[in-house]
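Take a walk through this predicted model.

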Amino acid sequence: MSLTLPPRVSDRAFARLAEIAEDTGEVKALRVAVDGGGCSGFQYDIRFDEPTADDLVLEKNGQKVLIDPVSLPFLENAVVDFTEELIGSRFVIDNPNASSSCGCGISFSM
């Protein structure tokens, strides 16, 4: 797979990371990874983490989103966003490469 369009992060997701940093008093990077598993074949692993040397770092106003090189091809042209709904608020991935996904949006197939 050759990467033509890297993933991007919405302003809303960066704003939420800034809010979290302000509330906790510490800036932490958000890691977005793709793992095998889940009900659709692949699943997103979204968590706070430290950057590594080979991560793609997407940064705005001091906030960072990290993507490892193994996950990067699965996230080509995807958008990392933050949503607030009646059922809760969370970081979400709008992934044009996914042919289907589960109802919770955590797992997908290609």
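A residue is called buried when its relative accessible area is under 20%, and exposed when that value is over 50%. Between the two limits, it is partly exposed.

Begin at Gln 63, a residue of strand 5. Its relative accessibility is 7%, so Gln 63 counts as buried. What does Gln 63 contact, leaving aside its neighbours within four places in sequence? The partners are Phe 14, Leu 17, Ala 18, Ala 21, Val 27 and Leu 58.

Now the rings. How many aromatic pairs does a search of the whole structure find? The search returns two. One joins Phe 42 and Phe 74, with 5.0 Å from centre to centre. Their planes stand 45 degrees apart, and the pair is tilted. This pair links distant parts of the chain. Phe 42 sits in strand 3, which covers residues 42–49. Phe 74 belongs to the loop between strand 5 (63–67) and strand 6 (79–85). The two residues are 32 residues apart.

Are these two partners buried or exposed? Phe 74 has a relative accessible area of 17%, so it is buried. Phe 42 has 25%, so it is partly exposed.

Phe 82 and Phe 91 also pair. Their ring centres lie 5.1 Å apart. Why is this pair edge-to-face? The planes meet at 65 degrees, and an angle over 60 counts as edge-to-face. As for accessibility, Phe 82 is buried, and Phe 91 is buried too.

Key
Residues numbered from 1 in each chain as written. Predicted model: local features only at pLDDT ≥ 70, side-chain atom pairs only at ≥ 80, totals over all residues. Heavy atoms only, no water. Phe/Tyr/Trp six-rings, centres within 6.5 Å; stacked < 30°, edge-to-face > 60°. Helix = DSSP H or I, 4+ residues; strand = E, 2+ residues; numbered from the N terminus. Buried < 20%, exposed > 50% of the residue type's maximum accessible area, 1.4 Å probe, protein only. Contact = heavy atoms within 4.5 Å.
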